[in-house]
Amino acid sequence: MKSQLAIKKIYIKTYGCQMNFSETEIISGLFLSNGFELTDSMDTADVIILNTCSIRDTAVNKVIGKLGQLKRLKKDNPDLIIGIGGCYAQSDSDFLKKKANYLDFIFGTYNKLRLVDIINKIEESRVLDDYETILDVGVYPDNEQFQYKDIAYKNPVTAWVPIMRGCDNYCSYCIVPYVRGHEISRIPSEIITQIEGLSSQNYKEIVLLGQNVNSYGKRFADGIDYKITFAGLLKELIKIDKIKRIRFITSHPKDLTDELIDVMSSSEKICKSLHLPVQSGSTNVLKAMKRQYSREYYVELIKKLRDKIPDLALATDVIVGFPGETEEDFQLTIDLIKAVRFEQAYLFRYSSRKGTAAEALPDQLPETLKKKRLWALMEIQDKITEEESIKYLGTEVEVLVEGPDQKKNVNSFSGRTNSNKIVIFKGKKTDIGNFVRIKITRTTPYTLFGEKL
Ligand code: SAH
Ligand code: SF4
Ligand code: F3S
């Protein structure tokens, strides 16, 4: 029998979207409240956990690369415990179990709250010298999914708050509904309690998270119908006094209601910035993507939004090279991008995902063509992003200060505008967590620089 290992220090590496980063905060909180410690260094960790993403092949390749490094670490230190979880682990658990036998545990997207048990089990099995990879990628009940309270928030000023999980949309290219299951909404009172707690800890800003926040309220985690929409939820949240800014991601255009536009335009607290993925400018491609709206609908929606909320900052996602996308379709996307002029756009090359409807479509495009289109679109959007950024030059903006500038310039601090632009300025430590007025003196496409007024 080996001696008790006393596993203490946990290192978590996170990939993917804010949802995954938020779940890492939840997992970290769980470990901390169970007597574990967190570490930023892989070298001193007793346990290394990868919280993974499988949205595109590039995301998966990053994880696979990291696994190679972990395998070597394990060779040097057989006591090290290595686990992989999240979306990629959920989607490819059989492969991982077979090919990566140095992994101690593989967990899915439903059971992050059981991780402490898993680590304890591994510790016990090691003491008994009875060792096998733990595979736990099962589907657990909806009402377990939000049962956490001690969250280790990374940022002391702005906090992520999940309001739903899963997705029912089944866009034909997307793996999310397969790895995160059906859409469920978190009970409103639990969301309100969490945010009231944040407000009493002096948080000023919250970011509500969901794959499609606009359809909040369709099916609740405990099966009860609370008869509340996303706009209705926002109306409750703006009553929480000390929370000054509310953001949310992501919005699906098909579910963006007039009620939501009204709340956004009438409440000062709701940031005037919207991430509204369009995916393509061609109705034919949108149809094949199963997005459930047309180009005309999207363009009209943008017009309506800008009429009602004139200072709205818009961001979007676009996929180029979807199966069957013609040169004409691609031109329509270029036209839309030029017409709408998003402040920011995340542009992706279509990546075929195992088990999705689009995987089986004919006319998959060659990588060279997908890349060519991506680069062409990037060049156009980069110019727009830069030009839209230059518009801030000479203006005065209100910035919520989040912390020291990451590049660690002395006295340099960073925060965000209401429109979600990053601003760097010379300030002092006491600015953190407060709103300051800044005059913008220099711009780069993604960052503004200015002076405190
Ligand atoms: N739920 C969000 C987006 C989640 S994924 C929404 O519906 O808006 C983030 C972005 O990744 C998507 O908006 C899409 O642009 C991109 N994406 C998803 N699947 C992809 C794939 N198979 N290939 C390339 N990009 C993809
Ligand atoms: Fe994926 Fe579509 Fe759901 Fe977004 S709405 S997560 S793109 S299936
Ligand atoms: Fe990736 Fe899962 Fe998010 S696939 S984008 S981490 S929901």
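Trainee: How do the residues of the lining of the second largest cavity divide by class?
Mentor: Ala, Val, Leu, Ile, Met, Phe, Trp, Tyr, Cys and Pro count as nonpolar, Asp, Glu, Lys and Arg as charged, and the others, Gly among them, as polar; here the lining divides into two nonpolar, four polar and two charged residues. Among those lining residues are Glu 23, Asn 51, Phe 107 and Lys 112.
The model is predicted, with local features needing pLDDT of at least 70, side-chain atom pairs counting only at pLDDT 80 or more, and totals for chains, interfaces and linings using all residues. Residues are numbered from 1 along each chain as its sequence is written, chains are lettered from A and ligands numbered from 1 in the order in which they are written, and side-chain values use heavy atoms, leaving out hydrogens and water.

Trainee: What residues surround ligand 3?
Mentor: A residue is near a molecule if one of its heavy atoms lies within 4 Å of it, and around ligand 3 these include Cys 17, Cys 53, Cys 87 and Arg 180. By class, this shell has four nonpolar, three polar and one charged residues.

Trainee: Which residues are around ligand 2?
Mentor: They include Cys 167, Cys 171, Cys 174 and His 252, and the shell of ligand 2 has seven nonpolar, three polar and one charged residues. Gln 211 is listed around ligand 2 and also around ligand 3.

Technical notes. 1 Å grid on protein atoms, 1.4 Å probe; cavity = no way out; pocket = protein on both sides within 12 Å on 5 of 7 lines; lining within 4 Å.
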